Amino acid sequence: MAKAYPDFLDPVETAPREWLDRMQEAAIIRQIHNGYENAPLIREIWDKAGVKPSDIKSMADFREKAPMFDKDDQRDFRDKHNDLTGGFVPIRPGAIMSVGTTSGTTGDPTPVANPPRSPSEVAYARAAWHQGARPGDYLTELLFTYRGGHRNRYASELGFTKILFAMHPAEMPRIAAGSRRYRPTSMKVFASPFILAMEQYVEQSGDDPVDIFKSYKGVIFGGEPLSQRLAALTKSWGIELFETTAFGEVSSGNQCRMHDGFHAPEDHGFIETVDPVTGEPIADGKIGELVVTMFVDRMMPLIRFRTGDLVSIDRSACGCGSTHARFQLLGRASDQILVEGKSILPRELMGLIESESATRANLFQIIRPGRELDTLRIRIGYDPERLTEPQAALQNRLRDKIGAATGVPTQIELVDQAELLKLGPPHKIPRVTKQ
Amino acid sequence: MTFTPNRPDLIGAYMIDGVQHFHAVTFPQIDRSGSNFSAVIATFGFKPEEFILSVSMLPESIYFSVFESALQKLGIYGTNADDSPFDAGRVESLSRQMDYAAACGVSAQVIAGLKQFGHDPAKVFAGRTIWARPDAVTQLAQLGGFDVRRFVPLGPAFALECSHGGVHVDDTEWQFSDDGGTIHVTSRMDHVEPVSALDTKVAGKLGTAPCGCGLSMATLDFA
């Protein structure tokens, strides 16, 4: 007889709001002391602000007095002090398994110490469990090696077997074969370039995507916003996509079956929003910059870390049963431009660009020499093999379409998409560039 | 009473003649082999808390989870980059940021990627130990200025060169033979996906003399 497992992997996912609030208050106070005593960057920021850990006795104190910092502060500290950790806790034997790095899309990759069981592994295991994966199941994993290397074991400790694939479009035939052979129940991370590669594989081979994916109860999508076309395409393959996003550098926020924002694992960190310009607090439900305080990573005590993401927070209970807060992600504050005073974010252009056959891969960059501009300038990659008309015709149509939708003067530059792909790792390119 | 049969912990892949084959392993197998290879790595005298870079792709976990398990047993910190020209910038960046003592799995495409990004491989690897894949050994050896050693995938197994020039294999875990001039592999231990006389199509022969490093692990000779 099959064992009946609980609906949630960890009871904390359904803990009462009041319990979570009290737990977070205690965890924050503990992390503040750890950060101040052991992380030179945190001490420097707090000393500069004239705040001591002993000044923080409650969540109210924390929100009123604790100073914030961002990635530039970390990079500056790293460069100024030649400190690999960027001013966090010096690496200690036994406390970490390896040192991973961030994607490096916008600069030198940032080192991230990997503890024996990373919060990210836990968050993704919860997500797979939520989708319906249970011990004994196989999980498909497409991943770069830079984040966790070959050390991740939590899924196996839970009784799952991971089928490992490279983050490379050429893996699609093997994903089809592996999915049929092992019949996995969950997959991560199926990013846009790989969905496009699977689409191409299916078109060229005649393989049946519904049969390939019929065992999957959920597939995790990430890297950038999900476009309407890819959402419809994967739905036609019988796939339910669950979006994911980074949460406080070391964990992840994941959608549930309600598909109404990303759940922040609130036992991993506390979330709040501030005005991206003034830093003043913003109430839940309003759009502001996401600020996180992580308590599970003692080596990297992110205390009021400004993520640069524009979000709105909802702490009400979710229809999925989880009590953890959700946030809607609107984009990166640094990606936002104002054209003739009108705010535009890259995700607003995706549906327009992918609607053309030759630009369906959605490879584009907004050219942003400054935050405020007179003209919206976009560099768009096209697939020469799908271009069936003079390039100028496509260029003019895209200009008119985007200009009409945004209501601002628009200039389009078309380039071979192969050129844009050289600008970043295979899963994403910088969406905003200075030139 | 019934018992749960061996369950694989992960499914990676190995390549023979350009074709990738799924291969299942367990963590006990990985950790056993990691202990054995930690002795090979220890011949170089790396210190605890130094960094060693793995240059690999995720399906190669059947090799690199063994390698990283070995590093952990020695107190060495592992760090990672993909074996891809697109990720060669990370190989260079980590050389500056972490000053890794060694890198394992450097291939011809990574060297090409470094050049594409405007980096001189000789400068990036200067003073380090580099375990090169077979397609990169000659090219790297010609550059000079660093210690070139060999990392050789052999179907589900692999070979790793020690500081004395012996290219060692885990002959506790696997039995090796050189029938017809290529290396064949057979499972010796309780593998979740055993292989028998699998022809790796890698030209080589069994070593006959003990290695100067003093380890009892078998060695292979490659042309």
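Gln365(A) stands opposite Arg379(A), a residue of E20(A). The model is a predicted one, in which local features need pLDDT of at least 70 and side-chain atom pairs count only at pLDDT 80 or more, while totals for chains, interfaces and linings use all residues. Residues are numbered from 1 along each chain as its sequence is written, chains are lettered from A and ligands numbered from 1 in the order in which they are written, and side-chain values use heavy atoms, with hydrogens and water left out.

Strand E18 (residues 364-367) and strand E20 (residues 376-382) of chain A run antiparallel and are joined by three bridges; strands are DSSP runs of E with at least two residues, helices are runs of H or I with at least four, and both are numbered from the N terminus. Two strands count as paired if DSSP finds at least two bridges between them. The open sheet has four strands, in the order E21-E20-E18-E22 (chain A), with mixed pairing. Strand E21 (410-416) and strand E22 (432-433) of chain A each have a single partner strand and stand at the edges, so one side of each is left without a neighbour in the sheet. Helix H12 (residues 391-406) of chain A lies across E20 and E21 of chain A, at about 140° to E21(A). Such angles run from 0 to 180 degrees between N-to-C directions, with axes fitted to C-alpha atoms, for helices over the stretch in contact.

Next comes the meeting of the two chains. Contact (heavy atoms within 4.5 Å) links 38 residues of chain B with 44 residues of chain A. Together the chains bury about 3,600 Å², 55% of it on carbon and sulfur atoms; buried area is the accessible area (1.4 Å probe) that two parts lose on being put together, summed over both. Phe22(B), Leu58(B) and Arg90(B) supply 21% of what chain B buries against chain A, more than any other three residues.

Three salt bridges cross this interface, a salt bridge being a side-chain nitrogen of Lys or Arg within 4 Å of a carboxyl oxygen of Asp or Glu. The side chains of Asp108(A) and Arg96(B) meet in a salt bridge, at 2.9 Å from N to O. Strand pairing also links the chains: strand E5 (residues 161-166) of chain A and E1(B) pair in the parallel sense over two bridges, and Leu10(B) in E1(B) is the bridge partner of Lys162(A).
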